[in-house]
Amino acid sequence: MFETRIASPFSGESGAITAVAPLGRAVLRCREADIGRVSDKLGLALPQAACRSESNGPNSALWLGPDEWLLLNADMQDGWVPGLAARLDGELCSLVDVSHRQVALSIDGERAEEILASGCALNLSLRAFPVGMCTRTMYARAEIVLWRTGPRSFYLDVWRSFARYVEALLREAESEV
Amino acid sequence: MTNGNFRMPSGGRIDRSRPLRFSFDGRNYSGFDGDTVASALLANGVHLVGRSFKYHRPRGIMGAGPDEPNALIGVRRDQERYTPNLLATQTELYEGLDAVSQNRHPSLEKDRMAVNDKFSRFIPAGFYYKTFMWPRKAWDRLFEPRIRAAAGLGIAPSEPDPDSYAQRYAHCDVLVIGAGPAGLTAAMEAAKSGAQVILCDDRSAMGGSLLAAKQVTIEGAPAARWLAGTLDSLAGMANVTLLPRTSAFGYYPHNWIGLAQKLTDHLADAPPGQPRERLWQVRARQVVIAAGAIERPLVFPDNDRPGIMLADAARTYLQQYGVAVGRKIVVVAAHDNGYRTAHELKDAGIEIAVIADIRGDSPVAARARQAGFRVLTGAAIDGTSGKLRVASITLTSGRKRETVACDAVLMAGGLTPSVHLFSQSRGKLAWDEHLQAYLPDQSAEAERSAGACRGHFALDEALADGAEAGRLAAEAAGFAFRPAAPVYTCAVAHPIGGGGHIGAAPTSDPAKPKAFVDWQNDVTAADILLAAREGFLSIEHVKRYTTTGMATDQGKLSNINALGIVSEATGRSIPEIGLTTFRAPYTPISFGTLAGRARRDLLDPARITAINDWAAQQGAVFEDVGNWKRAHFFPKDREDMHAAVARECLAVRERVGIFDASTLGKIEIVGPDAAEFMNRFYVNAWMKLGVGKCRYGVLLREDGFVLDDGVVGRLAPDRFHVTTTTGGAARVLGMMEDYLQTEWSDLDVWLTSTTEQWSVIAVQGPKAREVIEPLVEGLDLSPEALPHMSIADAQICGVPMRLMRVSFTGELGYEVNVPSGYGAMVWQAIWERGQAHGMVAYGTETMHVLRAEKGFIIIGQETDGTVTPDDAGLAWAIGKAKPDFVGKRSLARPAMTDPDRKQLVGLLTRDPHIVLEEGAQIVASGAVGASIGHVTSAYHSSVLGKSIALAMVRGGRARLGERLEVPMPGGAVAVDVVAPIFLDPKGDRVHV
């Protein structure tokens, strides 16, 4: 039989930077008038405030735009997105499986903000970028989705082909003392 | 002080318990921890440190900071690490430092180019605009190469820089630039309010002028103690970041400031792997500029001999470094600050031969006389003597002219506020008549200046001004603290006072030419007068004509004196003449700092597919396609590209090949109006495309020219899987979003990029079905169930698969799309299964040849932004009955339907061994005349045993069978025009 483990493009582990286990991901698009009904069917309140996230159990919704959310599922299974699609049947919306489009790193610890500041121009202080805030932004020359999951923890989603570029730069920043 | 030792027995902030050895031009010296190269050289009695840029005159250390024009040195750490043009005044000493002087040959003492000084009257300002004009050819061959060899400062390093450089973004409420008295109180006041504060300073120690303060108390405490206490307090505050050795070099829009931080240059042994410098890009809500002031030199004849320096620099060398700059010193003053220096040097036991004040009698002069100084007032300075060091100065006071022996001359010409950063921020300067200085006036950014850089030179004023600026900055950033900033009580033994002079100093011999205004670019007062005489009125023109202020020091010492000379010569006021614009960087910064981590593999993102590592292991040669790394070909046994591609092509046609097509752009289009959207966007008709079917789509720009193409599959009535070219993916998605948001917001349809969701494994060749069939579950691959141009979701190797039966080779083919996390696994499974069928892996070059044999175009190769669908032979794809699509209207223009447009054709060379050059022009046979077309693709086809080419030729489809020529350097190549398809014209091979 085939080894159906999901391959990671990342090269290794270090103190502050770890590869996140595979997640389910989907991009959801829908109109403002339908957000309430879609949220009900998903069992997850789609955030309407800019750059905010909502979580329910293993599922999270990250606001990427007024009609765009990145849905995440921590218990990665190939059947998760088809299951969501079935629940949303009949709703005017677009749900596309992008579980493999991105891969994620978590950056944790006292130096998390500083490490990310090597390539991200945003103000990542807790005051300006509180826990639960998320945004689509740039790290160096790669597009990322950055999500603050704790006072000293960030989740960084990046398109798979850019993974090693981002990882290499982050590890160089981490190695600075 | 013994002979050659100018270190005072005590004093200074150096650590005398830590002696350091270093060398300068191969000679060994010693200094102490805390020295700069400049202070250590002066402690050893060395003033001569360079030769001037144009005349190669001997030059010495003039200043003690970033304003230094002469003491540019090269520092070598090892074979790979050599940095030219460092300021000795800012280079911290470390054990074993190896420094060399610049712009001299063979040595500082004997410099061959010093002959320039003798011929200086033949090389006045602007000489290069006047000479070297004739004969014209001599400029290229003779003049320019020689001038280039003679010009320039320092030698660029020849080895790649082995160091690493870091970059960091930062945000703060208040950025304070400069940690002198005003900067310190500004930072303190802002920090107390709770604001996030960054305080940066370009020196290793913070404190600015306080580092050299003597007999000064602040709030009753000696200045040094007050400074230490203040720095301790700041360091202890969590909301304060202190950045020493950090120069604020550029002020960019919206309070975006560039800081260059030196991290390891001061260390004898830099920690391995650690960055040498760090670029900070700071976004500050509010900025306080506390950049201080720079002392002006005085412009008098022969004012550039080593040993002639700025008065305050001499005071700094004494008080901060415990160094006497000479044993018998003359002070020439136009500002009371010269008296302060004289008092402090005399208090330290250094002989002051005379104070020559170009002003009249004054209370400071009277006090100095009382203290035992000899003071000349109303003095004119007539010149100096000395070969490699000043030996005497000639002064006239009253009617008496005298020559005073000395080994150092200190100039106190007045203080120039440092308005560089304020000017960079586009703030407006205003001329202050009282201070005779340009001061910050209207701000363009959220910033304020404080202290000496806005004319508050006295210590108590600077401290209070800084505190108030810090309070106001914090308040403006949203941090109310207290209604008024504190005032500071200071006791100062020798106040800084006032005064100053602008322009040339009085001299009884104005004809003497060598009175320097700009030391670094060798510009004299006579040069500036010449420019004024020749009609240059604007200071910007004078600057460019004479090059004053154009050296790397940006005229920190020279600009104001140049203004004064122009003002006096033209009778126009200084505000009328204006001030040149200051530009970043304030002081030179390294290329490494700007480049940061963006070097080598990290210069630009290298995008890699999930199959990249497998291809690398197989020895694939890669090529760059946009940011992607793609396998170009897979050489075996030292094959060259030609052999590898020939083998790969044959194997695909005869058996089966595997190809990584993951980089193709993919967009999932979802919504009830998906088909309507496709109909409006692409030239093709989409409404009737059945679910499970694919169609080749062509996309135009508004002007009717082909923009992109790709196969599109319909997954459901409301869902399409669109593929684009590798390079066009982002462009197509962007254009689609643009149309949806601006033109067709009524459509219920959404776009999602799925390029990287899928690894795309193309399996192509007669054996393709046999290879993948056993791996596929839940799908009948028979030609009846899954004919050419079909799409279906199923499973392969136990993971989800989206299978497209499509062919870019003309063979039976499948594109296996699997979630990219499974890409490598599925590829390996197909590869292993394919071995029994003689499968090869092929790269982009073979893909190009195979498609050319079938006449399939490649966007950007056959098309160049001026090709219509009809030109490319794709008119069949256009949905003729559609009311509209992007570009349709343009296609109806007469020029777009001209039968003589360039059209896609095939070319066969008469000699089948000759492969045409892509881009070669095509002419009618035997005709001399204009090009009628060009070759777009040309390859050797191993399958056909001959060379083939595609070309765009005027009226090409009407020329089938014609013989044309491709003129090449070795003679014209005869070609026959054929239909642009060389293999299997009926397409039998794909329908199996």
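Modeller: Let's start with chain A: taken over C-alpha atoms, the centres of its domain 1 and domain 2 are 23 Å apart. By the domain assignment, domain 1 of chain A is 24–97 and domain 2 of chain A is 102–176; such bounds come from an automatic or database domain assignment. This is a predicted model, where local features need pLDDT of at least 70 and side-chain atom pairs count only at pLDDT 80 or more, while totals for chains, interfaces and linings use all residues. Residues are numbered from 1 along each chain as its sequence is written, and chains are lettered from A and ligands numbered from 1 in the order in which they are written.

Biologist: What makes the contact between domain 1 and domain 2 of chain A?

Modeller: Eight residues from domain 1 of chain A and eight residues from domain 2 of chain A. Two residues are in contact if their C-beta atoms, placed from the backbone, lie within 7 Å. On the domain 1 side, strand β4 (residues 59–65) of chain A gives the most, three residues.

Biologist: Why are α12(B) and α14(B) called oblique to each other?

Modeller: Helix α12 (residues 525–533) and helix α14 (residues 559–570) of chain B pack at about 45 degrees, their axes 9 Å apart. Axes are lines fitted to C-alpha atoms, for helices over the stretch in contact, and angles run from 0 to 180 degrees between N-to-C directions. Under 35 degrees is roughly parallel, over 145 roughly antiparallel, 65 to 115 roughly perpendicular, and the rest oblique. The pair is therefore oblique.

Biologist: How many residues of chain B are in contact with chain A?

Modeller: 38 of chain B, with 39 of chain A. The largest share of chain B's side, six residues, comes from β8(B). That side divides into 19 nonpolar, 12 polar and seven charged.

Biologist: What is the mean pLDDT of chain B?

Modeller: It is 94, with 97% of chain B's residues at 70 or more; pLDDT is the predictor's confidence in each residue, from 0 to 100. The model scores ipTM 0.97 and pTM 0.93.

Notes: Helices (H or I, at least four residues) and strands (E, at least two) are DSSP runs, numbered from the N terminus. Ala, Val, Leu, Ile, Met, Phe, Trp, Tyr, Cys and Pro count as nonpolar, Asp, Glu, Lys and Arg as charged, and the others, Gly among them, as polar.
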